Every structure is written in C-alpha cells, then in structure tokens.
Amino acid sequence: MSSRNFVFWEVDTQVDFMLPGGKLYVPGAEKLLPNIRRLTDAARQGRVFLVSHGCYHAEDDPEFKTFPPHCVKGTAGSAVVPEGLTEKIVTVANEPLAALPHDLLQFDQILLEKQSLDIFESRHAEQLVQRFGPAVEFVVFGVVTEYCVRLAAKGLLDRHRPSPRAARRSEVTERLRRRGGMSSPPPFPGAQYEKILPSAVSSSGRISTGFQHSRD
Ligand SMILES: [Zn+2]
C-alpha cells in the first residue's frame with residue numbers, strides 16, 4: 001500500500017442489486033461494472049484504500065417489510081460482484097464480537113456488513129472513519145444513489161471535517177428533502193437524484209454514481 005490520501009467508499013455492489021435477475025436489481029446497474037472495476041483497481045494498485053459495505057440480511061430481516069427480500073447472508077445474491085472485490089480484503093460482521101483489524105493497511109479493502117440502509121447505524125463505520133483521520137478525502141460510489149449512497153455520503157459529511165461544511169451540508173439535505181427523498185423515498189429505480197446529488201454534494205464532498213467516469 002502506498003498513498004492512502006483517498007478512501008474510495010463502495011456501496012452495495014452486490015449481485016442482488018447489480019445484476020439482472022438479482023432479488024432487488026437496480027435497472028441498468030450492470031452498466032456500472034466496468035467503471036466499478038476501474039475505481040477498485042485504484043485499491044488493487046495501492047493508490048487508495050477501499051471501504052465497501054453491503055446488506056447481509058437474515059431471512060426474516062425487518063427490512064423486508066419495506067423492501068423485497070434481498071442479500072440474505074450466505075446466498076449468492078449477497079456476494080459482492082467480482083469487479084468490486086480486491087484480493088486483500090477483510091470482512092467485518094455487524095456483530096458485537098467482531099472488530100476492525102488493528103492494522104488496516106495490511107489490506108486493500110475492508111467490507112462492513114450492515115442490516116439497515118444507513119451504514120452508520122452499524123457497529124463499526126464510525127470507528128472506521130475516525131481511524132482515517134482528517135486528511136483523507138472520501139469518494140463515494142455504488143447503488144442506490146437515493147438510498148444507501150445518499151446515507152453514506154451524508155454520514156461521511158456529518159463526521160468528516162464537519163464544521164467548514166455544515167452550511168453546505170444543510171443545503172444538500174434540504175435540497176434532497178424538497179425532492180421528497182428524506183422522509184418518503186421514491187420507489188425503485190427512482191433515479192431523480194442521479195442528477196442532483198452529485199452536483200449538490202460536489203461542493204462539499206465528492207460522490208460518484210459510476211456513470212461520471214465513463215468518458216475518462
Ligand atoms: Zn438491505
């Protein structure tokens with residue numbers, strides 16, 4: 001591992017979301033795969049550290065009252081797509097006895113398991129962000145923009161160098177709220193945030209749905 005001034009933050013790039021036939025397939029998500037590969041290549045090459053998180057649900061998970069069953073832990077649908085996985089990965093379950101590794105830097109990637117939309121409701125995300133310190137820059141990408149990506153970006157903005165960005169963050173959340181996404185999420189695919197979220201967040205952070213890199 002070399003420079004880790006950038007942390008790439010990968011959201012829910014799992015089979016059930018990404019591939020046609022997945023239990024909660026996001027239409028068109030498979031088109032992101034080449035760009036997800038390019039983004040995660042940066043971690044394989046030691047240029048960034050890669051944080052990933054995804055759903056790992058029980059068969060009777062309460063989330064299935066809101067969303068169709070998906071990403072049941074241990075099923076093929078819960079697997080992160082190969083494009084999103086490096087070889088030097090450590091997985092941390094959202095369980096009391098699980099812990100972050102003492103030395104993150106021996107890995108290229110950490111995968112946090114979650115059971116709710118917001119990764120920051122799981123046990124280890126907060127501590128993980130603290131570990132990186134104030135100097136790193138986070139780059140968020142994955143699916144779905146208006147759900148878990150939005151919550152991850154908001155959670156990072158809330159925790160990472162919050163004071164200079166507080167005003168902008170308020171503006172971002174207000175714009176999202178006005179679009180109805182905060183209290184009553186639109187049904188899938190509900191892609192209206194594809195356009196507004198990147199521009200809204202770009203002044204205070206950086207977010208990628210994966211599409212923006214297609215012309216690189
Ligand atoms: Zn889920």
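Student: What stands opposite E113 in β4?

Tutor: G54 stands opposite E113 in β4. A strand here is a DSSP run of E with at least two residues, a helice is a run of H or I with at least four residues, and both are numbered from the N terminus. This is a predicted model, in which local features need pLDDT of at least 70 and side-chain atom pairs count only at pLDDT 80 or more, while totals for chains, interfaces and linings use all residues. Residues are numbered from 1 along each chain as its sequence is written.

Student: How do you know that β2 and β4 pair?

Tutor: Two strands pair if DSSP finds at least two bridges between them. β2 and β4 have six bridges, in the parallel sense, so they meet that definition. Strand β3 (residues 89-92) also pairs with β4 in the parallel sense, over four bridges, and V92 stands opposite L112 in β4.

Student: Why is β4 called largely enclosed?

Tutor: Because six of the six residues of β4 are buried, it is largely enclosed by the rest of the structure. A residue is buried if 20 or more other C-beta atoms lie within 10 Å of its own, exposed if 12 or fewer, and partly exposed in between, with C-beta atoms placed from the backbone. Both faces are covered: Q109, L111 and E113 are buried on one side, and I110, L112 and K114 on the other. Of the 216 residues of the protein, 36% count as buried.

Student: What makes a set of residues a nonpolar core?

Tutor: Its members are buried Ala, Val, Leu, Ile, Met, Phe, Trp, Tyr and Cys residues joined through C-beta atoms within 7 Å. The largest such core has 39 residues, of which W9, V140, V143, V149, A152 and L156 touch the most other members. Elements that each supply at least two residues include β1 (6-11), β4 (109-114) and α4 (145-159). The most comes from α4, with seven residues.

Student: How do you know which parts of the model call for caution?

Tutor: Look at pLDDT, the predictor's confidence in each residue, from 0 to 100. The protein averages 80, and 72% of the residues score at least 70. Over residues 162-204, however, pLDDT stays under 50, and it also stays under 50 over residues 206-216. Where pLDDT is low, the predicted coordinates should not be read in detail.

Note on methods: Two residues are in contact if their C-beta atoms, placed from the backbone, lie within 7 Å.
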